[in-house]
Every structure is written in C-alpha cells, then in structure tokens.
Amino acid sequence: MAELQEVQITEEKPLLPGQTPEVAKEAELAARILLDQGQTHSVETPYGSVTFTVYGTPKAKRPAILTYHDVGLNCKSCFQPLFQFGDMQEIIQNFVRVHVDAPGMEEGAPVFPLGYQYPSLDQLADMIPCILQYLNFSTIIGVGVGAGAYVLSRYALNHPDTVEGLVLINIDPNAKGWMDWAAHKLTGLTSSIPEMILGHLFSQEELSGNSELIQKYRNIITHAPNLDNIELYWNSYNNRRDLNFGRGGDITLKCPVMLVVGDHAPHEDAVVECNSKLDPTQTSFLKMADSGGQPQLTQPGKLTEAFKYFLQGMGYMASSCMTRLSRSRTASLTSAASIDGNRSRSRTLSQSSESGTLPSGPPGHTMEVSC
C-alpha cells in the first residue's frame with residue numbers, strides 16, 4: 001500500500017497567475033466597494049412594480065433597516081447624507097438595509113402614461129410585504145420621512161408582528177380637513193408643484209435663506225425628469241386617510257417608536273400631536289434644534305446618535321459608545337415604566353453618561369437636542 005503523504009495547503013485563496021498580493025488586495029477591496037454600492041431589485045405587487053436597493057448582507061436574528069422617502073425625493077436624495085455619515089457606519093455594519101423608492105421615483109424612472117392611477121399611501125404600504133417576501137426577511141426597523149413615515153406607520157398597523165421599531169421623521173398622521181384642502185387648492189393656483197413640495201420639505205425660514213442645500217434640492221425637484229410622477233405621489237399624500245391613532249385605543253403602534261422633527265419644521269405641530277396620541281411607554285419624541293425641515297439632511301450626526309440610542313433600547317448594539325449627543329444636547333425626560341411580556345429586550349431612549357454607557361430605563365419621554 002502506497003504511503004499516504006501529508007500535504008499542506010498554504011494559500012486558502014490562491015492568486016491568479018502573475019497576480020501579486022497587492023493586486024489581489026486591491027481586487028478584494030474593489031469587490032467590497034461594489035457590494036457596498038448596493039444591489040437594486042424590482043418586484044411586482046398587486047399595485048404595480050416597486051424598486052428597492054439592498055446594502056449589506058442579512059445578519060442572523062436581526063431585522064433589516066427599511067427606509068421610505070418623502071415626496072419630491074428618492075431613497076438617495078432623502079437618506080444618502082444620513083447613511084453616509086461617518087458615525088452611521090457602525091450601524092450599517094450591523095444591519096442589512098433596504099431603501100425603497102416609491103413607484104416612479106427611482107432614478108431613470110419613465111414617466112407614467114396620462115391617466116395612470118397612482119397607488120394610494122395605503123396601497124404603497126401594502127407593497128412592502130412583497131418586498132420582504134422577495135428578500136425572505138421576517139422583520140424590519142422602519143425609517144421614514146414625511147409621506148414615507150405615513151406609509152411605514154400604515155404598514156406597521158397592518159403587520160405589527162413584522163415591525164420591531166419605527167423612526168418617523170415629520171410624520172403627519174391626520175387626513176387633510178376641509179380647511180386644509182381648500183388652502184391646498186388655493187395654493188395650487190398661485191404656486192408651482194415644485195414650490196409646493198419645497199414648502200412641504202423645508203421651513204419658510206430655510207427657503208427664504210436660500211442656502212446651498214435649498215438651492216440643491218430646488219434644482220433637483222424643479223428639473224426632475226419625472227416631475228409628473230412626483231406630482232402623482234404628492235397627490236396621494238394629500239389624499240391620505242387619517243391613521244386614527246388614539247392613546248389607550250385599539251389603533252396604535254405596538255412597537256418602539258422614535259418621533260423626530262426639527263424645531264422649525266413645517267410639520268412640528270403634527271408630530272407633537274402624533275406624540276400625544278401614541279403610547280407614552282413605547283414612544284420617544286426627539287425635537288432637534290437648528291435642523292429645519294429635514295433633520296436627516298441638516299443634522300445627520302445628532303440623528304445618528306439618537307438612532308444608536310434607539311437601537312440600544314431595543315437590545316441591539318449594546319457595546320456601542322456614544323458621546324456626541326450627550327455632550328451637545330439639553331434633555332427633558334419624563335418616563336413611565338413598562339414591561340413588555342412579548343419581548344425580553346429593554347426598550348429605552350435615555351441619557352448616557354459622559355463615558356458613553358447607556359443606563360437602563362423605560363421609553364416615553366421628550367428629548368430636545370441643541371448645540
């Protein structure tokens with residue numbers, strides 16, 4: 001019998017002929033960058049096709065972060081400054097992300113034909129299960145702005161078991177009343193669609209200041225090749241139904257919620273009212289100073305810090321250290337104790353010490369952030 005010889009394999013991933021270790025390292029880095037750029041998918045739903053981009057790989061026993069943008073924006077123009085912020089990288093390394101574009105809002109989207117019936121916001125929410133089924137994801141943490149916050153709230157009401165948490169920026173859960181409807185129609189006679197949408201996104205102070213940010217987004221919306229599609233999304237938002245939140249009632253969000261609004265935002269009153277209607281033991285209200293109408297664009301650092309606290313309160317990223325927000329904010333906390341029998345995770349968004357540790361405590365408070 002021939003004697004068996006022990007063979008040692010020194011290279012688990014052998015180099016291609018003529019390839020140096022430096023070249024191989026560059027190729028691996030290029031592949032990683034390509035992965036980080038995200039993969040775009042489209043899926044058919046009962047209400048039409050929807051496009052979404054997935055970044056990262058799913059993590060075991062962790063939900064996906066799913067974002068939904070506001071009117072006049074898409075997933076990139078709404079969320080790119082936030083998710084590309086330096087401190088956000090710790091979060092995105094721990095969660096797979098799904099950035100949803102509302103139908104016709106994705107880059108390069110063709111203009112819908114004349115007479116096309118755009119989905120209602122309720123129908124947009126009903127598209128999300130098709131996305132999760134396609135990706136085989138069971139639960140999400142939703143991050144929505146404006147119309148997107150409404151869509152994710154509607155989805156959470158219909159599918160509470162699949163939503164572990166919500167970050168809702170500039171949410172207005174109320175349907176337009178007759179006075180609002182009349183004012184909207186009157187404004188439409190004197191203002192263009194881009195100007196009306198800009199007034200929805202930013203405060204009058206920001207628009208009057210005409211900063212570089214305002215100029216950028218005015219140019220994006222005014223010269224959008226899919227402006228007709230944007231108008232359809234805008235009309236669906238203005239025809240939204242009331243979410244009928246009621247504190248102590250049957251219609252409420254059953255997951256931890258962080259409500260976010262800028263102190264000069266057009267939707268400040270609506271978010272404050274929404275906070276008064278949700279369960280105080282599950283809801284945290286973050287009012288950000290000097291952030292205007294779009295805090296994810298103007299204050300990504302502070303919003304990232306608050307998001308980390310929110311995730312820690314849900315039992316994720318327990319070892320993450322946070323100091324920026326604890327140094328820069330003034331906080332007013334009012335909390336009520338709660339115990340959730342369905343989950344063992346502590347849900348809280350509370351103050352940290354200067355060392356970056358997060359004391360345990362229940363949610364349900366207001367936090368104002370300022371520099």
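This is a predicted model: local features need pLDDT of at least 70, side-chain atom pairs count only at pLDDT 80 or more; totals for chains, interfaces and linings use all residues.

Reply: The largest nonpolar core holds 90 residues, and the ones with the most contacts inside it are Y68, V98, L166, Y233, L259 and F307. Helix α4, residues 121-135, is the top contributor to this core, giving 8 residues. As background, nonpolar side chains in soluble globular proteins tend to be buried together.

Leaving out anything up to four places away in sequence, Y233 touches Y68, H69, D70, V71, A102, M105, Y118, L121, L124, A147 and G148. Y68, in that list, is also among the core residues with the most contacts.

Next, I65, which sits in strand β3, residues 64-68. Is I65 buried or exposed? Its relative accessibility is 0%, and the cut-off for buried is under 20%, so I65 counts as buried. Setting aside neighbours within four places in sequence, I65 is in contact with F83, I91, F95, V96, R97, V98, I141, V143 and F307. Two of those partners, V98 and F307, turn up among the core residues with the most contacts. I141 deserves a mention of its own: I65 and I141 are 76 residues apart in sequence, yet their C-alpha atoms are 4.8 Å apart in space.

Of the contacts in the chain with a separation of 6 or more, 75% are between residues 24 or more positions apart. The chain has 371 residues, 49% of which count as buried, and it is built from 14 helices and 9 strands.

Back to α4 and its packing. α4 packs against helix α5, residues 147-158, at an angle of about 65°, with the axes 8 Å apart. That angle makes α4 roughly perpendicular to α5, and the crossing is right-handed. On the α4 side, the contact is made by L121, D122, L124, A125, D126, I128, P129 and L132, while α5 brings A147, Y150, V151, L152, R154, Y155 and N158. By class, the residues of this contact divide into 11 nonpolar, 1 polar and 3 charged. Here Y233 comes back into the picture: L121, L124 and A147 are among the residues Y233 touches, and L121 and L124 of α4 and A147 of α5 also take part in the contact between the two helices.

There's another helix pair to set beside that one, α7 (residues 193-201) and α9 (residues 212-222). Their axes come within 10 Å and cross at roughly 140°, so α7 and α9 are oblique to each other. The crossing of α7 and α9 is right-handed. P194, E195, I197, L198 and L201 make the contact from α7, meeting Y217, R218, I221 and T222 of α9. Sorted by class, that contact has 6 nonpolar, 1 polar and 2 charged residues. α7 itself is mostly covered, with 7 of its 9 residues buried. The buried residues of α7 are I193, P194, M196, I197, L198, H200 and L201; P194, I197, L198 and L201 also belong to the contact with α9.

C255 lies in the loop between α10 (227-238) and β7 (257-262), and because its relative accessibility is 5%, C255 counts as buried. Apart from neighbours within four places in sequence, C255 is in contact with V163, E164, G165, L166 and Q282. C255 and D161 are 94 residues apart along the chain, and their C-alpha atoms are separated by 8.9 Å.

Finally, some backbone details to check. Most residues other than glycine have a negative phi. N170 is not a glycine, but it has a positive phi of about 60°. N170 is in the loop between β6 (163-169) and α6 (178-190), and at 0% relative accessibility it counts as buried. N210 likewise has a positive phi, about 50°, without being a glycine. N210 is in the loop between α8 (204-209) and α9, and at 33% relative accessibility it counts as partly exposed.

Methods. Residues are numbered from 1 along each chain as its sequence is written. Side-chain values use heavy atoms; hydrogens and water are left out. A nonpolar core is a set of buried Ala, Val, Leu, Ile, Met, Phe, Trp, Tyr and Cys residues joined through side-chain atoms within 4.5 Å. Buried means under 20% relative accessible area, exposed over 50%, partly exposed in between (1.4 Å probe, protein chains only). Helices (H or I, at least four residues) and strands (E, at least two) are DSSP runs, numbered from the N terminus. Contact means heavy atoms within 4.5 Å. Axes are lines fitted to C-alpha atoms, for helices over the stretch in contact, and angles run from 0 to 180 degrees between N-to-C directions. Angles under 35 degrees count as roughly parallel, over 145 as roughly antiparallel, 65 to 115 as roughly perpendicular and the rest as oblique. A crossing is left-handed if the near helix is turned anticlockwise from the far one by less than a right angle, and right-handed if clockwise. Ala, Val, Leu, Ile, Met, Phe, Trp, Tyr, Cys and Pro count as nonpolar, Asp, Glu, Lys and Arg as charged, and the others, Gly among them, as polar.
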